Amino acid sequence: MIIVPCPHCGPRNSVDLRNCGEVVNRPNPDTATLTEWRTYLYLRENAAGWVSETWYCRAGCRRYFTIERNTVTNEIRDQS
Amino acid sequence: MSSHRLPPQPGEVIDRSTVINFTWNGQPVIGLAGDTIASALAAQGVDVFSRSMKYHRHRGIMTADHWDPNLSLQVDDEPNVRAGTRLLAEGMQVSTQNVWPSLQHDVGVLNKAVGRFLSAGFYYKTFMKPKFLWDNVYQSVLRKFAPGGRVHWKTSTHGAYDKRYAHPDVLVAGGGPAGMAAALGAAQAGASVLLVEMAPELGGHLCWGNDAERAALDKLTTAVIAEANIEVMTRSTVTGRYDHNWVAVMQGDHPLAPERLVKARVGSLVVAPGLIERPLIFSGNDIPGVMLSGAARRLINLWAVKPGQRAVVLTANAEGDAAVKDLQAAGVEVVEVVDVRTGAMVASAVGKSRLQKVVLEDGRTIEADLLVTATGWTAPTSLLNMAGNRPVYDPQAARYFPENLPEEILTSGGIAGNGSTDELIAHGSATGVLAANRSLRLRHSRRAATARSRSPEGPAPEALTDTRTPLRREAHPECYRASTHGFVDYAEDVSSKDLIQAAGEGFDSIELMKRYTTVTMGPAQGKLETVNAAAVLAESRGMDLADIGTTVWRPPFAPISLGALAGRIFEPVRRSALQDWHEAHGATALLAGQWVRPDHYGDAVAEAQNVRNGVGIIDVTPLGKIDLQGPDVAKLLELVYVNRWESLKVGRVRYGAMVAEDGVVSDDGVTGRLSENHWLMTTTSSGAGAVWEMLEDWLQTGHPEWQVHVTPVTGGLTSINVAGPHSRQLLERLVSNVDLSSDAFPYFSVRQGTVADVPDCVIWRIGFTGELSFEVHVPSGHALAVWEALLAEGQDLGCAPFGVEAQRILRLEKGHYIVGQDTDGLSKAPTAGLGGLVKLDKTDTIGLPELRAAYQREDLPILVAVQPDDPTVLPEEAAQIVDGQTATILGRVTSSRHSPTLGRSICLAQVAPQLAAPGTVITVLMADGRRIPATVQEHHAHLDHQGARQRV
Amino acid sequence: MSDLLFQSPLNKAELTSPGGNIGLTDESATTKILVRGQGPAVAYGQSKLLPNGTLICGSRPDEWTFLAGPGKSAEVQAGIDQSEATTIVDITHGRAMMRLFGPAATQALAKVCSIDLADDLTPDGAVFSASVAKVTCDLVRSDSQGIQAYLISCERSFGAYLISAVADAAQEFGLGVPAELSLH
């Protein structure tokens with residue numbers, strides 16, 4: 001179980017959080033083409049290396065935040 | 001059986017005044033307190049402890065510790081007990097495993113005669129064909145000969161397994177001199193320390209050492225016990241190391257639980273497991289009486305057991321030399337010392353149930369009943385492997401060493417190098433200080449970053465540089481195999497011949513060879529075998545051992561009982577404030593998600609009829625309830641629901657449906673506006689948590705400028721639906737400050753008021769049943785009073801409780817769909833019939849592009865009400881709807897019940913669009929294969945589609 | 001109103017151990033007022049005890065929970081400075097609450113909660129949320145006369161389960177657990 005540095009609570013066991021996946025930009029839903037929308041829905045980089053991820057501090061402060069995690073080593077660094 | 005117990009030895013751990021009675025294969029035997037099962041049996045003259053897995057060869061003590069491949073025994077109802085470390089206890093019933101019918105007369109020994117058929121890959125090659133024999137013949141016959149004991153799960157009497165968390169600054173794996181010194185060094189530097197040792201006592205090799213070593217041990221033990229910062233666990237194993245120093249410890253010395261899994265978040269991990277003595281490969285190396293030097297020395301020095309009468313000692317190192325001295329002191333006649341360092345070597349051993357002769361490479365044959373070997377060491381680098389480290393082979397020292405360790409992992413003791421006791425202690429101590437420094441710096445930063453902590457005073461401690469004097473790498477001859485073939489993996493009965501054959505067949509990488517031959521796959525998981533296997537492979541391929549690599553050691557370090565992994569079983573359940581009442585009044589409990597609910601109180605049909613004809617009350621507390629406050633709530637609702645919300649007036653209620661970003665229906669419910677900026681949302685029972693988190697997500701990341709506060713209030717408001725033609729009459733008796741008349745309180749409205757003298761209730765005029773109904777939300781601490789008042793005041797109206805099943809019947813009569821039952825993970829808004837509700841002209845709503853696309857499509861399934869033409873036929877839920885002529889699936893029944901009101905079967909179904917027109921006759925495939933006709937209805941509601949009953 | 005009986009999901013449980021090593025009591029009737037948006041100067045993770053006995057907990061960023069004796073909802077709410085950006089919700093009925101206390105309280109809690117409960121990371125007055133026996137809980141370390149104590153609260157409907165789970169963890173330290181609270 002990895003430690004996730006919650007910017008509000010401090011370092012926490014990942015069991016108390018949820019990984020919401022890679023950060024993706026939501027296109028304007030009023031103007032997006034279906035292709036753009038489905039790219040947003042389904043396509044991810046899935047990189048072996050540094051990835052920007054959203055986490056939800058489910059059992060803690062209930063805040064959503066973004067970190068950078070190395071998916072190979074589980075090293076984590078703040079987005080900032 | 002004669003006693004092999006020696007006179008008192010200076011370092012013995014047995015208590016000669018406390019005799020322990022136990023049985024061995026049914027025969028009563030005795031041992032002493034402090035004995036392991038193996039030492040007690042050895043003291044009684046037992047030579048043969050088990051039969052080997054494939055060839056059923058006689059096997060005796062080899063290492064006399066946890067890794068002994070021959071000492072897995074059945075103890076009472078527990079299989080695979082490590083008799084080399086398990087302490088003897090009064091009344092134990094100990095028996096051999098893998099023998100039939102008995103240890104002396106084992107039928108499996110016939111396998112030896114056909115040994116050539118059981119070589120590498122035997123099972124893969126032999127039991128492939130014919131396939132029809134797999135289940136009935138091969139499996140049942142092979143099971144009889146399978147190794148391992150018997151699990152008596154029905155009669156097991158062990159206590160509950162347990163679990164706990166721990167957060168030591170420093171965890172030391174291994175309680176030998178280096179590990180103890182590391183623990184002391186770290187504790188004295190201010191770190192909290194967890195010291196874990198597999199054996200029953202701390203001390204490692206000092207336990208069976210000479211006077212000076214035992215004196216050093218006494219000193220260390222006294223200091224460790226006196227140090228308040230050190231928690232010691234013996235008979236315990238560090239079984240795994242995971243990311244960010246998450247370390248699993250199996251605690252075996254807990255006073256109550258048979259085993260306890262400790263999940264530790266560790267600052268610094270000190271790996272100091274010592275070294276594991278390595279066997280030598282030669283013909284006969286598994287005969288009882290052939291043992292490693294550590295086994296012989298432990299038997300003599302710890303348990304005062306004489307391991308034999310006439311011994312040959314094969315030595316390549318100081319421990320072998322020490323074994324010679326110990327044997328001589330114990331009165332064993334050492335007839336030959338074969339010193340590898342002078343070029344001498346053992347060729348083979350001869351014997352069956354006990355060693356008889358040793359043949360040397362120089363041709364001499366020596367009669368002996370004991371052959372002690374000291375031919376080298378394996379570094380148990382498992383925990384380092386688990387951290388991604390690949391240790392490197394050093395041919396000068398004939399073993400592997402860790403290199404390039406990450407900051408949070410340190411090593412000391414034998415795994416790091418050789419040294420005198422003083423040198424090991426000095427290195428351990430310095431390692432402990434360094435480990436403490438690193439972990440305390442980490443702790444400082446964690447404290448500074450943690451909201452709940454006391455802020456650290458002052459800066460973090462300065463980082464220490466690693467100034468430890470490295471332990472030296474003592475030269476050691478590389479001895480892996482004599483000139484003859486012998487066993488590499490004792491537990492799996494794999495010989496060096498098998499490995500060479502496998503390499504010849506092309507399985508010539510160590511990982512392939514492992515899986516093909518099962519070498520290193522036995523209970524010791526390579527602790528004894530890995531390096532020998534790699535050496536044989538290197539020899540067969542003419543390569544250097546350093547280039548062969550080793551198999552990767554993965555968790556667990558040692559086997560774990562499944563009960564300990566399960567630990568305590570935590571399965572949260574939710575109960576409404578009325579659930580005790582329901583159970584006291586005959587309700588059948590139903591587990592719906594996490595909620596325990598009343599399914600019915602004896603007769604669901606009567607309960608449903610009572611609602612249609614009189615009045616009933618149901619506890620619908622699991623309904624998700626979310627309090628929304630702030631000026632921007634309407635904007636949020638416009639975003640998360642498919643329909644419009646800005647225009648909803650105070651005191652009014654609207655139904656809303658939600659879809660996900662992919663357009664699939666995700667939740668629904670009613671939301672009411674209590675005041676200008678105060679709304680109350682309801683969700684499905686199972687969706688309440690997800691909706692809450694989704695709302696938070698949009699507010700925090702999508703629209704942080706919106707001012708809305710979201711508070712889930714599901715359990716705080718006990719929800720009671722009062723339904724039936726008499727519901728208004730009943731409620732009027734209990735509500736004084738709200739006008740319940742239809743004009744003042746129309747359908748789809750909400751009011752706040754006092755019910756049965758309980759203030760702060762929310763009263764909704766809504767209904768799932770299709771009858772006039774009011775849903776009362778009561779502060780849960782007073783819910784029982786309201787529930788009982790409704791029953792008491794409604795007695796003359798026939799008021800009675802109804803359960804979930806009656807509600808299901810009623811809602812299906814009314815044609816209300818349930819998200820997740822009548823829709824699934826592919827059901828988009830058109831399927832659920834949300835056509836009139838969905839507003840595609842919004843500029844933003846969740847899933848908007850998919851909603852727009854979905855309404856362009858004509859191929860989506862449609863949810864329709866269906867009635868079987870024969871009213872007595874009731875299709876099962878999930879029954880398929882098929883083409884009348886072919887087997888093509890065109891839909892499925894999503895809900896079905898017998899309707900007591902209509903006296904016929906009724907359904908909701910998802911059907912292909914060409915079948916959705918009212919009046920279409922469809923074909924339902926019944927579970928028994930019948931195809932029955934059913935007709936699509938005009939409305940979802942089988943009853944009162946205009947809603948006259950609920951609008952009165 | 002005041003004569004209304006408050007029904008606790010924990011049935012006023014009062015569990016003790018013979019030696020006083022550990023105890024577990026129902027505190028569900030405690031007045032619990034949630035304040036959102038703008039609130040008192042108590043940081044997230046910290047708490048402050050007012051002279052009148054009200055404990056203000058910094059429960060989350062921009063979120064506070066006021067804890068006071070039973071039946072004090074109106075009194076507590078009257079004492080809260082409100083602005084337009086403030087939301088107040090009385091969650092007294094929505095949260096079950098128990099007090100786990102005694103010299104072994106930390107050890108017992110460490111069996112069901114993965115948070116580091118050491119004195120420097122979780123000192124007296126610390127406010128935090130975490131999973132306890134698989135239920136998300138709000139906790140306050142609230143020592144009394146130097147004896148460790150934790151206030152543990154959860155969604156009301158989980159209360160009956162949670163007190164069984166916590167009692168199960170505390171049993172090893174001497175807590176007497178009646179059959180109706182047995183976890184298995």
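**View 1. Gly891(B), a buried glycine with 23 C-beta neighbours inside 10 Å.** That count is why Gly891(B) goes down as buried (20 or more other C-beta atoms within 10 Å of its own; 12 or fewer would be exposed, anything in between partly exposed, with C-beta atoms placed from the backbone). Gly891(B) sits in strand E45 (residues 889-899) of chain B. Strands (E, at least two residues) and helices (H or I, at least four) are DSSP runs, numbered from the N terminus. Skipping neighbours within four places in sequence, Gly891(B) touches Pro861(B), Ile881(B), Ala909(B), Gln910(B), Val911(B), Ala912(B) and Leu915(B); being in contact here puts the two C-beta atoms, placed from the backbone, within 7 Å. Pro913(B) is 22 residues away from Gly891(B) in sequence and 9.6 Å away in space, C-alpha to C-alpha.

A word on all the views: this is a predicted model, with local features needing pLDDT of at least 70 and side-chain atom pairs counting only at pLDDT 80 or more, while totals for chains, interfaces and linings use all residues. Residues are numbered from 1 along each chain as its sequence is written, and chains are lettered from A and ligands numbered from 1 in the order in which they are written.

**View 2. Helix H5 (residues 177-188) of chain B packs on helix H10 (residues 421-449) of chain B.** The angle is about 40 degrees and the axes are 6 Å apart (axes are lines fitted to C-alpha atoms, for helices over the stretch in contact, and angles run from 0 to 180 degrees between N-to-C directions). H5(B) and H10(B) are therefore oblique to each other; under 35 degrees would be roughly parallel, over 145 roughly antiparallel, 65 to 115 roughly perpendicular, and the rest is oblique. Residues making the contact include Gly179(B) and Ala183(B) of H5(B), and Gly428(B) and Gly432(B) of H10(B). By type, the contact has 14 nonpolar, eight polar and no charged residues (nonpolar: Ala, Val, Leu, Ile, Met, Phe, Trp, Tyr, Cys and Pro; charged: Asp, Glu, Lys and Arg; polar: the others, Gly among them).

**View 3. Helix H11 (residues 496-504) of chain B meets helix H13 (residues 530-541) of chain B.** Here the angle is about 50 degrees, with the axes 9 Å apart. H11(B) brings Ser496(B), Leu499(B), Ile500(B) and Ala503(B), and H13(B) brings Ala533(B), Val536(B), Leu537(B), Ser540(B) and Arg541(B). That makes six nonpolar, two polar and one charged.

**View 4. Helix H3 (residues 159-171) of chain C, 13 residues in length.** H3(C) is mostly covered, with 13 of its 13 residues buried.

Key:
The expected span of a helix is 1.5 Å times one less than its number of residues.
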